[in-house]
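Open the model in your viewer and keep the selection tool at hand. The tour goes stop by stop.

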Amino acid sequence: QVQLVESGGGLVQAGESLRLSCAASGTIFSVYDMGWYRQAPGKQRELVATITSGRSTNYADSVKGRFTISRDNAKNTVYLQMNSLKPEDTAVYYCNAQIFGPGGYRELWGQGTLVTVSS
């Protein structure tokens, strides 16, 4: 069974950094686009950053210059380095990946990891 497993969330103070990781496990033939989304309390889920298999990246305006998305294709893992964190970055962060496996093409979501930034 293919799944995404996230790690790295936690409680930090404003201005500090965190690094999120998300690894795809199971029988996988190819991993295409990967990304991070977040959902704050009372708000809709929003895109944070995406990265293609060729490592082209896209960021939400609110995180440009502070967050960096990267991936290790050999490990089927995507990372989100978050610097200069702000209280408004507080949210549950979800990993997303487009995967091709024995069952065909699938879009997967991780279970979510909570990031809390105190002021």
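Start with Arg-38, and select Glu-46 along with it. Glu-46 is the bridge partner of Arg-38 in strand β5. Keep in mind throughout that this model is predicted.

Now widen the selection to residues 30–39 and 46–51. These are strands β4 and β5, and they pair in the antiparallel sense over five bridges. Follow the chain from one to the other. The two strands form a hairpin, with six residues between them. Stop at Gly-42 in the turn, where phi is positive, at about 80 degrees.

Go back to Arg-38. Which residue is its bridge partner in β9? Select Tyr-93 to see that partner. Then show all of β9, residues 91–101. β9 pairs with β4 over eight bridges, again in the antiparallel sense.

Next, show the cysteine side chains. How many disulfides does a search of the whole structure find? It finds one. Select Cys-22 and Cys-95, whose sulfur atoms are 2.1 Å apart. Look along the S-S bond: the angle about it is -80 degrees, and the link is left-handed.

Note on methods: Residues are numbered from 1 along each chain as its sequence is written. This is a predicted model: local features need pLDDT of at least 70, side-chain atom pairs count only at pLDDT 80 or more; totals for chains, interfaces and linings use all residues. Side-chain values use heavy atoms; hydrogens and water are left out. Two strands pair if DSSP finds at least two bridges between them. Helices (H or I, at least four residues) and strands (E, at least two) are DSSP runs, numbered from the N terminus. A disulfide is a pair of cysteine sulfur atoms within 2.5 Å.
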